[in-house]
Amino acid sequence: MENKTNSSKGLKNKEIILKELLAKSLVLFIGIGVIAGLGFGVYLIDVKNTSQLIFVEGPSVSVVTEKSDFKKGEEIKIRIVNSGTIPLTFSDSSYGLRITGLSGILMFTPASAQVISNLEPGDEIEFSWDQIKNDGDTALEGLYKISSKGMDNDGNNVEKSTTITIWK
């Protein structure tokens, strides 16, 4: 009878130890989840840069959209603004506008003449994209990077981009 009592006490001790380990594991997993969620949130804030227009001293270009989330098929108005104090030069009439996937694959660039274009400080030019890619297909849902690249008076590249999302 004493053997039975000792074995049942040993079984109960094992159950208690198992429950304590389970509780500690649960706390550990929840802690890791919170930290991972925070890290992912900081990453998304960095990727989805919403402060599009900031005026600065020196050369600067800004790419501005009216919002960062668009419905599939919705027209996207894009403004390229010289947000610096130095005139900018672009190699064509599209003002260096490119729309790519986040992987860098070119999706759209407007048809443009190969003429030198200038943008004085504070000036802007507006384009619109109907979400039709250069190959004629409709853009899929996802994240897209809209960028513009020009040069300052010294021949230094001036580039800026913003990220948008296309939803269903």
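A: Happy to: Phe 108 and Trp 129 are both buried, meaning under 20% relative accessible area, where over 50% is exposed and anything in between partly exposed (1.4 Å probe, protein chains only). This is a predicted model, so local features need pLDDT of at least 70 and side-chain atom pairs pLDDT 80 or more, while totals for chains, interfaces and linings use all residues. Residues are numbered from 1 along each chain as its sequence is written, and side-chain values use heavy atoms, without hydrogens or water.

Searching the whole structure gives 4 aromatic pairs. Rings of Phe, Tyr and Trp (its six-membered ring) pair if their centres lie within 6.5 Å; planes under 30 degrees apart are stacked, over 60 edge-to-face, and the rest tilted. The ring centres of Phe 108 and Trp 129 are 5.8 Å apart with planes at 25°, so this pair is stacked. It links distant parts of the chain, 21 residues apart: Phe 108 sits in strand β6 (residues 106-108) and Trp 129 in strand β8 (residues 124-129). Elsewhere, Phe 90, Tyr 95 and Phe 127 form one aromatic cluster.

Of its 168 residues, 30% are buried. Contacts mean heavy atoms within 4.5 Å; among those between residues at least 6 apart in sequence, 63% join residues at least 24 apart.

Terms used. Helices (H or I, at least four residues) and strands (E, at least two) are DSSP runs, numbered from the N terminus.
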